[in-house]
Amino acid sequence: MSVASAPSESGTRTAVPAPSAEPAGTTEPSGLPSTTEVTDATTVPAPSAEATGAAEPAGVTESAGTAPSAEAAAATGPVVRDAREFGVYARTGGWAFALRVARSVRPGGQAAEESPKVSAKAFAELAGCSADRVMRFYKAWDMAAADGLVPQFEALVPGEDVALPEADAWPAYYSSRSGAASVRGQAITAAAAAEGIRPTKALEVAENPTALRAAILADPGTAEAARGALLDRMKEDPALQTEMARAIARTDGLKKAVATEAKAADRIGYVRQIAEKGQIRTPAGQTVEAPAALRAEAERHLSLIDELDDDEEAGEWAGEAYDAVKGLVAQAVEADPELRVRERRTRFYSSLQKATKVFEELTLDDVVEEDVYEEDMVRRLEALQEAVAGCISALRRASDAR
């Protein structure tokens, strides 16, 4: 700790404690304030143990009925003072600094002539640090006052000590990064609190995306965490969903991988429906109850897939399960005469609907307006007419047979 001095009334120079200047790009220091030279002999008082409700440090006074050791009792004045100030900070954390700001900086909207307090800018000049740093302590005290944890600014008098909260409460109100005050910073702070981490860590990452990119590229664990976070974010962010889908569609390798995984997922879903719901979907699109043997086989294949580790490829297992179950479905359809007839009727109707839709989309407007005629067109339509006539005759014969 560097020590500068200010002139006293006797002409000597005395040390004046004040917060250290804030290094650019760094977070708040965790220790006690250093000292700096100011323009007058005013000494900013350190909070006493009595004012903060903190017990005296060991070796200064008796605490909890324990007498100080001989070495502690023989400690000199400066050592005793340092120990007491350390004890206060250990118990109150940043509240000890915030109190100095709260009782000496004018609240917003209060004129200079209405209070002996000074502006945050003037306080920062006296302290030898940035005004932003002063305001971070000011805002932390303001939020705590709104929660009833500390007195309001108007109730504080310069130089007067008050009881301070425990140090554990400080991180919930203070952030060492100015970005925390923005809407974006508040959202990051809230998300960090939900994850149970310090907001300063999340804010630091958000302010340095290049470092985040480097960590994702170099470390599989970080990449996995980023992947999980993106998936969670996309559930509630349609715009991000669209951007990710567009990026994947424009990347051939990713597009192919997505198609492969989608195919595997569809096949697993087919097997899972049979195993869990006891229903099969026939090739013609019918949904019917699955025979017990078929359902048992689907459950067996599904259990093998569910036992795969997260890093194991499920595509091959899904294909094997799908082919095995699909073969059993075909056998079940053929073994049931009524189901087999319904299946063929359904398939016929499906083909008829497709053919009808295609033919209805044909138009003769182009034939009338332009010379698009070719002999092959007529031959194809005549063949189609014959096929339709044949289908009609076959259906009528079947109807007569019934």
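Contact here means heavy atoms within 4.5 Å, and the model shown in all the views is a predicted one.

View 1. Of the 402 residues that make up the chain, 26% count as buried. The accessible surface comes to about 26500 Å², and carbon and sulfur atoms account for 55% of that surface. Among the contacts in the chain with a separation of 6 or more, 58% are between residues 24 or more positions apart.

**View 2. Pro199 in helix H8, which spans residues 199-206.** With residues up to four places away in sequence left out of the count, Pro199 touches Thr189 and Ala192. Pro199 has a relative accessibility of 17%, and because buried means under 20%, Pro199 counts as buried. Gln186 lies 13 residues from Pro199 along the chain, and the C-alpha atoms of these two residues are separated by 9.2 Å.

**View 3. The largest nonpolar core, a set of 27 residues.** In soluble globular proteins, nonpolar side chains tend to be buried together. Within this core, the residues that touch the most other members are Trp95, Val101, Val105, Val134, Phe137, Trp141 and Trp170. At least two residues of the core come from each of helix H4 (95-104), helix H5 (120-127) and helix H6 (131-146), and H6 gives the most, with seven residues.

**View 4. The surroundings of Trp141.** When residues up to four places away in sequence are not counted, Trp141 touches Trp95, Ala98, Leu99 and Ala102, and also Val150, Pro151, Phe153, Leu156, Val162 and Leu164.

**View 5. The packing of helix H10 (residues 220-234) with helix H11 (residues 238-249).** Two packed helices are described by the angle between their axes and the distance between the axes. For H10 and H11, the axes come within 8 Å and cross at roughly 125°, and the two helices are therefore oblique to each other. On the side of H10 the contact is made by Leu230, Arg233 and Met234, while H11 contributes Leu240, Gln241 and Met244. Sorted by kind, the residues of this contact comprise four nonpolar, one polar and one charged.

Notes:
Residues numbered from 1 in each chain as written. Predicted model: local features only at pLDDT ≥ 70, side-chain atom pairs only at ≥ 80, totals over all residues. Heavy atoms only, no water. Axes fitted to C-alpha atoms, helices over the stretch in contact; angles between N-to-C directions. Helix = DSSP H or I, 4+ residues; strand = E, 2+ residues; numbered from the N terminus. Parallel < 35°, antiparallel > 145°, perpendicular 65-115°, else oblique. Nonpolar A, V, L, I, M, F, W, Y, C, P; charged D, E, K, R; others polar. Buried < 20%, exposed > 50% of the residue type's maximum accessible area, 1.4 Å probe, protein only. Areas by Shrake-Rupley, 256 points an atom, 1.4 Å probe, with all protein chains shown as cover. Core = buried A, V, L, I, M, F, W, Y, C linked by side-chain atoms within 4.5 Å.
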